[in-house]
Amino acid sequence: MKAVLACEPGGPDVLSLGEAPDPSPAAGEVLLDVAATAVNRADLLQRAGKYPPPAGASPILGLECSGRIAALGEGVTGWQVGDEVCALLSGGGYAERVCVAAVQLMRVPAGLDLISAAALPEVACTVWSMVLDSAPAAALVPGESFLVHGGSSGIGTMAIQLAAAQGCRVFTTAGSAEKLAACRELGAELAINYRDSDFVEVIRAHTEGAGVDVVLDTIGAKYLPGNLDVLATGGRIAVIGLLGGSSGTLSLAALMAKRATVHAAALRSRPLEQKAAIVAGTEAHVWPLVEAGTVRPVVHQVLALAQAADAHRIVESSAHIGKLVLATG
């Protein structure tokens with residue numbers, strides 16, 4: 001099969017389309033003919049040698065895909081060869097075929113084409129599991145206020161829409177007039193240019209000092225003090241990215257005074273049973289919103305699988321809004 005391979009860790013130029021062995025589904029897995037995959041920041045880190053795949057996962061890049069079931073592994077029920085699905089992966093999406101645990105499959109939402117569906121699994125499952133499911137410490141309650149950093153990213157565009165659909169006041173940060181406008185169009189009440197404004201000051205003024213109930217942060221250490229400062233009493237911070245560093249200083253006194261919590265987790269490394277629960281919850285609660293047109297995948301551009309290096313350059317430059325999708329056909 002054709003797959004995007006990396007000759008060595010490095011920049012986008014290390015990626016090229018080559019031949020890889022066809023995978024075969026183990027018990028509990030299905031084999032997919034991949035229609036499309038999508039680019040995530042984690043892919044860039046893995047390409048650079050900074051984010052190795054979990055034990056047993058494919059070394060090929062790609063944390064999500066859409067496609068059709070080509071074969072069923074032993075013990076798989078509820079699915080048939082030919083079913084159109086999208087899937088949360090631990091790796092292997094940048095290829096014509098991939099094997100995945102059947103519990104990580106989701107049907108393609110009604111009314112959505114296979115190419116667009118490839119942009120859904122990673123962002124929808126991440127936002128659902130970190131701030132919308134009732135289980136995590138940062139769970140967002142309908143009617144609360146919500147701040148997501150990087151609102152024009154794949155995660156950000158999904159988080160804005162899902163929080164707005166919950167009836168929450170949504171605030172976000174982004175780095176250009178075009179991106180700020182896109183965030184407002186998706187449902188953000190307030191979009192702040194982080195290049196020339198202090199998001200803490202702007203939100204405090206906008207909320208008359210109340211702050212926000214939940215912060216979803218893709219930046220990490222750089223924004224940790226500001227995130228705590230902008231929190232309302234009883235507020236929660238959910239950290240899912242480390243673009244701004246992995247080690248920071250946090251005032252425990254301020255955390256205690258606000259009765260606040262900080263919650264952090266990665267999706268890729270979770271045990272299979274947790275991923276299964278997240279996938280099931282996402283399909284049950286997010287897919288109806290997609291099918292109703294309330295929430296949609298935001299696709300910046302669709303490129304061919306052979307153009308993976310170009311897609312990585314676009315994501316590294318942050319010149320995109322939403323997701324970059326790679327189509328196999």
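A: The largest nonpolar core has 47 residues, a nonpolar core being a set of buried Ala, Val, Leu, Ile, Met, Phe, Trp, Tyr and Cys residues joined through side-chain atoms within 4.5 Å. Buried here means under 20% relative accessible area, exposed over 50%, and partly exposed in between, with a 1.4 Å probe and protein chains only. Val 127, Val 131, Phe 146 and Leu 216 have the most contacts inside this core. Helix α3 (residues 121-132) gives the most to the core, with eight residues; helices (H or I, at least four residues) and strands (E, at least two) are DSSP runs numbered from the N terminus. A second, separate core has 21 residues, including Met 1, Val 39, Ala 95 and Ala 309.

The model is predicted: local features need pLDDT of at least 70, side-chain atom pairs count only at pLDDT 80 or more, and totals for chains, interfaces and linings use all residues. Residues are numbered from 1 along each chain as its sequence is written, and side-chain values use heavy atoms, with hydrogens and water left out.

Helix α3 also supplies the largest share of the lining of the largest pocket, five residues. On a 1 Å grid over the protein atoms alone, a pocket is an open set of points where a 1.4 Å probe fits, with protein on both sides within 12 Å along at least five of seven lines, and lining residues have an atom within 4 Å of a point. The largest pocket holds about 1,300 Å³ of space, the volume being the space filled by probe spheres set on grid points joined across faces, edges and corners. Its lining numbers 48 residues, with Arg 41, Thr 218, Ile 240, Gly 241 and Leu 243 the closest to the centre. Among the elements that each supply at least two lining residues are α1 (41-47), α4 (154-165), β9 (169-174) and β15 (323-327). By class the lining has 23 nonpolar, 16 polar and nine charged residues; Ala, Val, Leu, Ile, Met, Phe, Trp, Tyr, Cys and Pro count as nonpolar, Asp, Glu, Lys and Arg as charged, and the others, Gly among them, as polar.

The second largest pocket has about 530 Å³ of space. Of its 32 lining residues, Gly 56, Ala 57, Ser 58, Ser 90 and Cys 99 lie nearest the centre. Strand β6 (97-101) and helix α9 (272-285) each supply at least two lining residues, and the largest share, five, comes from β6. This lining divides into 18 nonpolar, eight polar and six charged residues.
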